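Biologist: Could you take me through this one before I start on my own notes? I'd like to go over salt bridges, the interface and the pockets.

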Amino acid sequence: MTVGVPDTGTAADVQERAAIAELLLSLADDEFVIGYWDSEWTGIAPFLEEDVAISSLAQDELGHARAFYELLAELIGGSADTIAYGRQPDDYRHARLLDRRRTDWAFTIARRYLYETSDSIRLAALEHTTFEPLAGLVAKIRREERYHLMHLDLWLRRLAVPGSVGRARLEAALATLWAVAGSVFSPLEREADLLRAGVLDAPFSELFSRWCAAVGPVFDELGLPFEPRQPARDGRGPGHGPDFQWLWTELSSVYRSDPGATW
Amino acid sequence: MSKARAPRGPILPPPSEGGRAFEVFRQERDGEPMRHAGNVLAPDPELALHYARELFGRRQESLRLWVVPREEILDLDDPDLLQPPLDRSFKKPGGYVMRDKLAAARARAGHEEEPA
């Protein structure tokens with residue numbers, strides 16, 4: 001299925017709902033995909049305690065994804081499950097940052113750090129959203145994301161210790177990530193409608209600047225380069241690449257085996 | 001009756017290179033005492049706190065956690081101090097059988113014995 005919006009109400013209503021649906025889908029798909037990638041560490045994380053921690057973080061993201069998909073389902077019909085699992089790979093709208101597999105631990109931490117900090121800036125911009133159901137959800141999710149930020153900040157600093165193997169791997173991972181580092185802030189097609197309706201408090205280009213201002217100093221402090229590129233408009237569209245194609249085959253395999261099944 | 005025991009040594013062997021051991025205590029409900037929950041291995045106190053949260057708090061089962069480096073715990077298990085061999089029953093509240101002594105004392109004092 002693809003995601004469409006029922007055309008009831010005034011033209012402005014329909015336009016606003018479509019914009020909100022696009023936003024919700026991007027939020028949900030981001031959390032869904034990072035949740036699945038990082039759950040790939042279950043059983044093989046660097047040590048037992050971290051295995052529990054990274055798996056728990058991944059599970060949190062799937063929980064957030066479910067909540068966003070449920071909001072979306074109320075808006076456009078269908079169910080959270082059909083939206084989450086019943087689409088083709090090209091219909092997913094997660095950011096380019098999330099296209100690649102978990103790779104090594106340093107890559108996972110580097111990518112996750114860039115994602116968590118971006119997500120935090122984005123959620124802050126939705127705190128006073130005029131779309132009431134989202135406002136309540138965002139407030140709850142932000143309380144959980146506080147811990148995610150703490151955990152990722154702590155790991156980034158530990159891997160960045162000069163002269164360590166972790167540092168070398170972290171630098172290598174970051175070098176491959178800058179091209180897509182800001183892609184969570186890729187402008188949405190219907191962004192103008194979101195801004196007009198007060199759903200979002202600033203354009204994504206502005207959120208990207210806020211993110212650079214917040215995160216750049218951390219990289220400076222650690223003596224790491226900080227070289228994100230201004231996010232492109234096509235940062236979420238079709239063409240997620242072979243890694244995501246593999247992940248999609250995995251994550252949707254049960255659903256596809258019997259799409260109408262109820263649990 | 002107490003049994004003579006040899007000193008037991010540490011409850012758990014010292015941690016390997018996986019990190020330092022931290023003991024975790026948790027409070028389940030308001031007003032309840034902190035109870036020992038278990039332990040985690042972590043490279044440092046900050047990560048220990050995160051792992052305690054993951055292992056003993058991620059399902060909303062705790063209101064508060066205490067995370068203590070195991071080596072900071074003062075460990076006393078000396079049997080001479082804790083399980084001495086002589087009869088200690090006189091140190092326990094139930095150590096003396098008081099009823100007969102009380103009855104005799106009352107009789108001496110000329111009181112009637114109270115009904116049992």
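**Salt bridges, interface and pocket**

Modeller: To begin with, in this predicted model the side chains of A:Asp119 and A:Arg122 meet in a salt bridge, with 3.0 Å from N to O.

Biologist: How far apart are A:Asp119 and A:Arg122 in helix α4 of chain A?

Modeller: They are 3 residues apart in helix α4 of chain A, which covers residues 105–125, so about one helical turn separates A:Asp119 from A:Arg122. As a general point, side chains of opposite charge can pair when their charged atoms come close.

Biologist: And how many salt bridges does the rule give over all chains?

Modeller: The count over all chains comes to 25 salt bridges, and the rule finds 2 salt bridges across the interface of chain B and chain A.

Biologist: Which residue does B:Asp44 pair with?

Modeller: B:Asp44 forms a salt bridge with A:Arg158, where the closest N and O atoms are 2.8 Å apart.

Biologist: Which elements of chain B supply the side that touches chain A?

Modeller: Both β2 (35–42) and α1 (45–56) of chain B supply at least two residues each to that side, and α1(B) gives the most, with 7 residues. By class, the side of chain B that touches chain A has 6 nonpolar, 1 polar and 5 charged residues.

Biologist: What about the contact itself, how many residues and how much area?

Modeller: On the chain B side 12 residues are in contact with 13 residues of chain A, and the area buried between the two chains is about 1200 Å², with carbon and sulfur atoms giving 61% of it. Of the area that chain B buries against chain A, B:His50, B:Tyr51 and B:Glu54 supply 46%, which is more than any other three residues.

Biologist: Changing topic, how much space lies in the largest pocket, and which residues lie nearest its centre?

Modeller: About 830 Å³ of space lies in the largest pocket. Its lining is made up of 19 residues, and A:Arg143, A:Glu144, A:Tyr147, B:Arg53 and B:Gly57 lie nearest the centre.

Biologist: Which helices supply the lining of that pocket?

Modeller: α2 (48–76) and α5 (132–159) of chain A, together with α1 of chain B, each supply at least two residues of the lining, and the largest share, 6 residues, comes from α5(A).

Biologist: And what is the lining like by class?

Modeller: The lining of the largest pocket has 8 charged, 7 polar and 4 nonpolar residues.

How values were computed: Residues numbered from 1 in each chain as written. Chains lettered and ligands numbered in written order. Predicted model: local features only at pLDDT ≥ 70, side-chain atom pairs only at ≥ 80, totals over all residues. Heavy atoms only, no water. Contact = heavy atoms within 4.5 Å. Buried area = accessible area lost by both parts, 1.4 Å probe. Salt bridge = Lys/Arg side-chain N within 4 Å of Asp/Glu carboxyl O. Helix = DSSP H or I, 4+ residues; strand = E, 2+ residues; numbered from the N terminus. Nonpolar A, V, L, I, M, F, W, Y, C, P; charged D, E, K, R; others polar. 1 Å grid on protein atoms, 1.4 Å probe; cavity = no way out; pocket = protein on both sides within 12 Å on 5 of 7 lines; lining within 4 Å. Points joined across faces, edges and corners; volume = space filled by probe spheres on them.
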